[in-house]
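Trainee: I am new to this structure. Please show it to me, and then I will ask about it.

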Amino acid sequence: MNLEKASGVFSTAPAPARHAAVMTPIRSLPRGLVSFVMTDIEGSTELLRRLGNDSARWVMRHRELVALSVSRHDGQVFGHEGDACFCAFADAGAALAASLDIQRDIEAEPWPPQARIRLRIGVHAGEAQPYGDNYIAMAVHQAARVAAASHGGQVLVSADTVAALGGALPPGLALRDLGEFRLKDFPESQRLHQLTHVELRADFPPPRGLSASRHNLPRPGTSFIGRSDERASVGLWLREYPIVSLVGAGGVGKTRLALELAGDVLPHYADGAWLLELAGVGDADAAVRVASSLFGVAEQAGQSALDSLAEALAGRHLLLLLDNCEHLLDAAGAIAAAVLRNPASRVLVTSREPLRLSQEKVVRLVPLATQTESGELSDAARLFIERAQMHQPTLRLDSAALQAVGEICRRLDGMPLALELAAGRARALSLPELAARLRDRLALLSGGARDLSARHQTLRATVEWSYELLSSAERRLFERLSVFADGWDLSAAEQVCGDCEDDAGVLDRLVALVDKSMVSYGEQSQARYHLLETLREFAQEKQRSAPDAETVEHRLLDWAIELAESAAAQLSSGSGPGWMARLLLEQNNLRAALEAGYRHQLTERTQRLTAALAPFWIRRGRLREGQLWAQRALALGGLPSVDRAALLIGYGRLLRGSGAGRSEPVLHEALAMARRLGEVPLQLEALKQLVTSVRDRGDYGAAEDFMTEQYRLAQGSGDVYRSFVVRTELATLDLQRGRYDEAATRLRACLLEAAANDWRWDQARMGNNLAIVLMELGRADEAARLGAEALLIFRELGATEAVAHGASTTGMALLRQHQLEAARALFIESGRIAVDVGASRVVPEALERLAAVEAASGLPASAARYAAAADALYAEMGYERELADRQLREGLQREVEARLGAAVTELQDRARAQARQVLNEALGLANSTASRSLSLARG
């Protein structure tokens, strides 16, 4: 592990539970003047390779030894990164004593003969305040740099640690002054001391600081954060490949990483590491002249400047960093060839596109991560916080500020330059204000440091530099691609953004944009392209004034209609899961297409797309979103048409969840319009939805009338599937009327018919409904089996909301069998899905059924709280319980009152007032989801 990878804003996830012993139990971490001890295995990459499959066991043993030594001296191991350990002490003397013990214990351990572990240790004392179980402090970063300068078996101690000791060294310990060294990321030289003791090795090479000669690498004014994997990988590739090119969008951090790498490998090059900046160089001849000047090479008579340079460099063993080559690719390649006259030399390149040379290893840099699986600070957040604190030292990181940091990092795609520029605005804006203003990031993010190049002082200048390097055809495609709100595939790009007479040329131009780091490809594990948000904002500005702007948006709408209608026809088939996944992937682009339709008043096409998307919104439980889109589409007006009638039916279906009273007038209007148009399929669908609506409010006579008309139309049109659907509706009507034997007979027949025709969605639906009926008939065993089979099909189809319903049904059957833990797991799953997708009707149902599990488990207080919270959620959402759920609720209330007596009233009143908090508790959701749960429930 290279401790130079460690960052000044340190954050790490806790050790996995199975290795809990290697981490000191976190007490209250020391604050104020803290002494940090950083340990690192020397040569870890090669050592772990030799250890092979045993490497994890020995690394964990090393961690155990460190933790034991640290705990003996009242210190704490507060984190790990790879094979490095991060330790904190309130007392500097204890930190040195622990460091001695660590080295002695490591030396005494019987390591495998092929892979003896030796530790590098650095100790530094500085001001630090804990952040949770970690620290955000420059002192952590400096301790890591001290450790990185040491050798295996050595303990290096900073001058600040010596000052913190106040002359009081632990017995037997001494310090040897090694002099001043320049450590990575710290512009001022640092005085280092070596800890000495009779049991410690005394002879070591000089510390691994940067030499003051053999390079022209600038001293960085800030710490380097993140990129640990890239840093390690590129360091290895520089040994293997003559040319390594760091390629990425402007502002992604190519130059900074390259400088760090050059400093890392400087000791390996006898003639040093040299930076050649090409950004301000205008042509190839000038580039060669600048390179010659850098190395003090004069042009020889009878030779070109390039030949003279190549001849002079043939005898030098060096690393050349060619920075910002995208506008001089040929010249950069020629200079690289001159350096490589010495096969031991290497060339490190930064560019927005590769040099395309045979010996080149291309490394594409992506933005910093904006979130982590562990919930700890991401690299992007760590960078932003440290830079913001430089501008605003009193910056407070409360929960609101941290939430704003996450939003800022997401809006800026984790781009380091953008984050640095945004951090500068923390001088005058609160973090929530800054996050809100990033809607116009190109205007906001300016005023970078004056010692930066002009193109890095504003975000717009950085993007403009890349844009100007594109050909006219590439610019046109780049601008058009901004019509996509999210990623896209090649087919979509050709259909929407190609020239009508030359769609086939899209691929070549798209590949060129990827090469030039203007478009990203495949970073989301799909074969998709996407624009960083900053680049998209810039492209949108250009596209708005383009003569083809409206045409491209029309083509986006046509593409969306084709996709949505193809999906709607297949969602209930065996290929339904694939279509659901495709719609989920494209949902932001589909929203953008709808917005384009409204903007250009494309009434018929907008209504057609909205109607086609209604089944998707229903299956995903996005009822409120679908209702809003349908209302906007209907408000466009228009004469009676197939598209408008289909939209009315879809709107009626979307309204069903908020009450039959709202959906019926819409469905009657749709039926009347379909009749006037003579559209039998639309009449059948409108009648089907009316049956469901009137049945929900208990008007069984009206439901039978609508079914009779529906069945007559289906038979007359020869629609076999629609006739089947009518029979399923009759079975559901029997169920709701309490005619369970008749319902079971019909449902069994429908289940067999659905299976015979491979109508997978209907097969699952019939199985789920039959399970409900069988429970009422007292046959819970068969109900549980059928429910589980239906649930499996729903999962296979990717019908998320249906999974929530199926899990709830199967859970009830298991509850009837007193399989409480299995039932509990299914109700929790049902509730979590409902919260996630906004299936608000299922949310209180799941909570109430969990209450039943608690009651059956002998936990009446929890049962009372969950049931009361479900009451509040039902009322808030405007839903009424169905008969079976009303009976369940009444039985629950009788039971908790009998067991808790008068105490139940206060308990339940409090639970109703804190309904969403109770919901999150019951479902095992984090507190941070409380507001999300509320918004989804209300939607």
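Trainee: How many helices and strands does the protein chain have?

Mentor: This is a predicted model, in which local features need pLDDT of at least 70, side-chain atom pairs count only at pLDDT 80 or more, and totals for chains, interfaces and linings use all residues. Residues are numbered from 1 along each chain as its sequence is written, and side-chain values use heavy atoms, with hydrogens and water left out. Helices (H or I, at least four residues) and strands (E, at least two) are DSSP runs, numbered from the N terminus. The protein chain has 40 helices and 16 strands.

Trainee: What percentage of the residues in the protein chain is buried?

Mentor: Buried means under 20% relative accessible area, exposed over 50%, partly exposed in between (1.4 Å probe, protein chains only). Of the 939 residues in the protein chain, the buried part is 57%.

Trainee: With which side chain does the side chain of T809 make a polar contact?

Mentor: T809 lies in helix α33 (residues 800-816) and counts as buried because its relative accessibility is 8%. A polar contact is a pair of N or O atoms within 3.5 Å; within protein, one must be able to donate a hydrogen and the other to accept it, and residues adjacent in sequence count only if both atoms are side-chain atoms. At 3.0 Å, the partner of T809 is the side chain of N768.
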